[in-house]
Amino acid sequence: MLSSNIKGVTSGFPLRIEAEKVVEKQVELNAAFLKNMFTKIEWKPFVDASRAMGYAELPDEAESSMLESDEFLQKFHHALLELHLEEGALVCPETGRRFLVNKGIPNMLLHEDEV
Amino acid sequence: MKLKQLESLLGTLQQFSNPKLELEQYPTGPHIASRMLYTAENSFGDVSDKVVADFGCGCGTLGLAAGLLGAEHVIGLDVDSESLEIASINADDLELEMDFVQCDIRNLIQRGNATTSLYTQLVSMSSELGTLHVGQIVDTVVMNPPFGTRRKGADLDFLSMALKVASQAVYSLHKTTTRDHVKRTALRDYNASSAEVLCELRYDLPQLYKFHKKKEVDIAVDLWRFVPQKNQRNTL
């Protein structure tokens, strides 16, 4: 899950995304992979995350039968693999601690007093 | 892709320009890296169409080798931002997608709630994976961990984490002199359901640091394949 890792923080989930810059990359669609991934993710936070990155095409709820639709697969694929948070932050919902994302790389290193 | 071709592509990668001794940054040579991933793919099917994480990825050699062999998604974790920059350039040069997260794998271990925090750290890579349970999504971990010569136990800290994260297999290099200890610890303490040395390799260590007296040293390392217990990921 998108959760925070600061000492004492129990749930810290999900990290909220603050998007400053989102880039899109073309990735080839792999239906078998997507179907497998679908069973492993929590849909609601996933939808919220993609909305925070400016993509609002995903439905609020989804079930596995929808994977038969090419249109749905395409959207799921796009949100999962083609949207990249280039600049921004991941914010711990409990403490407000911000983990900066620079050049697409989140920095999750903790300060000494947080370990 | 043929083994030779993989090895030669990996040979083009940029390596540490300014290696940091305290992190035991030694490049994973193309010879070893290509054999490690080639075996993982061709003998065990642990790479293509899988999510692969490279722990302590450094310049990204192992992760990129996984990408070249058809991994669906590759994630590199390292504590050092300079290494991640080089790894990112290497990925661009090979025209491969690889995600990176800056985090400290070793630190996690020293904390009481290691699993929770690891989980968390891994999830940060969700910048593009949305809110995936990364603890569940990683199929295979590949790594060339610090051998623990500078900081005792660093190699096993990595192994412990890797076995918590991978759902399918962990490939790792450890000094041959530590073979019995690695095996015992993996099976007894880290919940591995199997721990197998696939082969013994010569790790040619170029003279990187001032304290190295010889120009080049060969050390014997084992290429391991560990299988985590299936139910373990549920505890993440």
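**Group meeting talk: a two-chain predicted model**

In chain A, 61% of the contacts between residues at least 6 apart in sequence join residues at least 24 apart. Hi everyone, that is my opening number, and please keep in mind that what we have on screen is a predicted model.

Let's stay with chain A for a moment. Chain A has 3 helices and 4 strands, and from the N terminus on its elements go β-α-α-α-β-β-β. Of its 115 residues, 47% count as buried. The chain exposes about 5900 Å², and carbon and sulfur atoms supply 47% of that area.

Now the strands. The 4 strands of chain A make an open sheet in the order S1-S2-S3-S4, with antiparallel pairing. At the edges sit strand S1 (16-24) and strand S4 (105-106) of chain A, each of which pairs on one side only. If you zoom in on strand S3 (residues 98-102) of chain A, you will find 2 bridges joining it to S4(A), with the two strands running antiparallel. Which residue is the bridge partner of A:Asn102 in S4(A)? That would be A:Ile105. As a reminder, strands of a sheet pair through backbone hydrogen bonds, and the pairing can be parallel or antiparallel.

Helix H2 (residues 43-52) of chain A has as its buried residues A:Trp43, A:Pro45, A:Phe46, A:Val47, A:Ala49 and A:Ser50. Following H2(A) comes A:Gly54, with a positive phi near 90°.

On to chain B. Chain B has 236 residues, and buried ones make up 60% of them. You can count 10 helices and 7 strands in chain B. For contacts in chain B between residues at least 6 apart in sequence, 70% join residues at least 24 apart.

S2(B) and S3(B) run parallel and are joined by 4 bridges. B:Gly76, for one, has B:Phe100 as its bridge partner in S3(B). In a regular strand, side chains alternate between the two faces of the sheet. In strand S3 (residues 99-102) of chain B, B:Asp99 and B:Val101 point one way, B:Phe100 and B:Gln102 point the other way, and all are buried.

Next, helix H3 of chain B. Why do I call H3(B) largely enclosed by the rest of the structure? Because 8 of its 8 residues are buried. Among them are B:Thr61, B:Leu62 and B:Leu68. The buried residues of H3(B) pack against helix H1 (3-10), helix H2 (30-42), S1, S2, H4 and strand S4 (140-143) of chain B. Just after this helix, B:Gly70 takes a positive phi of about 95°.

Last stop, the cavities. The structure holds 2 cavities of 30 Å³ or more, and the largest cavity has a volume of about 380 Å³. Of the 31 residues lining that largest cavity, B:Leu23, B:Gly56, B:Gly58, B:Asp78 and B:Asn144 are the closest to its centre. Which elements of chain B each supply at least two residues of this lining? They include strand S1 (51-55), helix H3 (61-68), S2 and helix H5 (105-109).

Notes
Residues are numbered from 1 along each chain as its sequence is written. Chains are lettered from A and ligands numbered from 1 in the order in which they are written. This is a predicted model: local features need pLDDT of at least 70, side-chain atom pairs count only at pLDDT 80 or more; totals for chains, interfaces and linings use all residues. Side-chain values use heavy atoms; hydrogens and water are left out. Buried means under 20% relative accessible area, exposed over 50%, partly exposed in between (1.4 Å probe, protein chains only). Two strands pair if DSSP finds at least two bridges between them. Contact means heavy atoms within 4.5 Å. On a 1 Å grid over the protein atoms alone, a cavity is a set of points where a 1.4 Å probe fits but cannot get out, and a pocket is an open set with protein on both sides within 12 Å along at least five of seven lines; lining residues have an atom within 4 Å of a point. Grid points are joined across faces, edges and corners, and a volume is the space filled by probe spheres set on the points. Accessible areas come from the Shrake-Rupley method with a 1.4 Å probe; for residues, only the protein chains shown count as cover.
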